[in-house]
Amino acid sequence: MNATNLIDFYNEFATEEKCADFLAKQRWGNEIICQKCGVVGIKAYKLASGRIKCAECRSTFTVRMGSVFEDSKIPLQKWFFAIYLCTSLKKGVSSIQLAKYLGVTQKTSWFMLQRIRYVFENGTFEKLKNQVEVDETYIGGRESNKHTRKRTKGTQGFGSSKTKAP
Ligand SMILES: [Zn+2]
């Protein structure tokens, strides 16, 4: 994500289609991996519905399949805006704040922050096997803002990278 300010972000992620293209590029680059047959670097066709058709097995799939966004109906634009906020705000963003920004319920924003944390920790949008749910509502915030029992050991002070989003 190259957006350095909100206007850049808005332009880069203006539509769901732009968001889907961004996700596809991040996940596969120029070598699209079929989410049905698993062949790497397939010849693919983009259908009007936005689904991708594999020339190898003739199945269709979406850019979300196999990613951490697979089982959510939240628009990608909201996901990427949440990620933008998590990487831009020094103190991180709480689920309450995020719910207000996105116009979603706090339950939804809490779920989103968990997933985003997972993305930051693993450095990928791919849904890895044995995905573990994490118990955090803040992303990238100062450790001192968290409840004592939630603080990660050895992360206090300057230059800590254990808990901060990249
Ligand atoms: Zn295929």
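Helices (H or I, at least four residues) and strands (E, at least two) are here DSSP runs, numbered from the N terminus. The model is predicted, and local features are taken from it at pLDDT of at least 70, side-chain atom pairs count only at pLDDT 80 or more, and totals for chains, interfaces and linings use all residues. Residue numbers start from 1 along each chain as its sequence is written.

**View 1. Overview of the protein, with five helices and three strands.** From the N terminus on, the elements follow one another in the order α-α-β-β-β-α-α-α. Of the 166 residues, 23% count as buried, a residue being buried if 20 or more other C-beta atoms lie within 10 Å of its own, exposed if 12 or fewer, and partly exposed in between, with C-beta atoms placed from the backbone. Two residues are in contact if their C-beta atoms, placed from the backbone, lie within 7 Å; among the contacts with a separation of 6 or more, residues 24 or more positions apart account for 44%.

**View 2. Gln77 and Leu76 in helix α3.** Gln77 has 18 C-beta neighbours inside 10 Å and therefore counts as partly exposed, whereas Leu76, with 22 other C-beta atoms within 10 Å, is buried. Leaving out residues up to four places away in sequence, Gln77 touches Phe13, Glu16 and Cys19, and Leu76 touches Glu16, Cys19, Ala20, Leu23 and Phe69. Gln77 and Glu16 are 61 residues apart in sequence, yet their C-alpha atoms are 6.1 Å apart in space; for Leu76 and Leu23, 53 residues apart along the chain, the C-alpha separation is 8.8 Å.

**View 3. Helix α2 (residues 16-28) and the glycine that follows.** The 13 residues of α2 reach 18 Å from the first C-alpha to the last, close to the 18 Å expected at 1.5 Å a residue, where the expected span is 1.5 Å times one less than the number of residues. Just after α2, Gly29 takes a positive phi of about 60°.

**View 4. The crossing of helix α3 (residues 76-88) and helix α4 (residues 95-102).** The two axes come within 11 Å and cross at roughly 135°, axes being lines fitted to C-alpha atoms, for helices over the stretch in contact, with angles that run from 0 to 180 degrees between N-to-C directions. The helices α3 and α4 are therefore oblique to each other, given that angles under 35 degrees count as roughly parallel, over 145 as roughly antiparallel, 65 to 115 as roughly perpendicular and the rest as oblique. Lys78, Phe81, Ala82 and Leu85 in α3 meet Leu98, Tyr101 and Leu102 in α4. By class, this contact has six nonpolar, no polar and one charged residues, with Ala, Val, Leu, Ile, Met, Phe, Trp, Tyr, Cys and Pro counted as nonpolar, Asp, Glu, Lys and Arg as charged, and the others, Gly among them, as polar.

**View 5. Helix α5 (residues 106-122) and its buried residues.** The 17 residues of α5 should span 24 Å at 1.5 Å a residue, and the end C-alpha atoms are 24 Å apart, which agrees. Ser109, Met112, Leu113, Arg115, Ile116, Arg117 and Val119 are buried in α5, and the buried residues of this helix pack against α3 and α4. Just after α5, Gly123 takes a positive phi of about 65°.

**View 6. Arg58 in the loop between β2 (52-54) and β3 (60-61).** The phi of Arg58 is near 65°, a positive value in a residue other than glycine. Arg58 counts as exposed, because it has 9 C-beta neighbours inside 10 Å.
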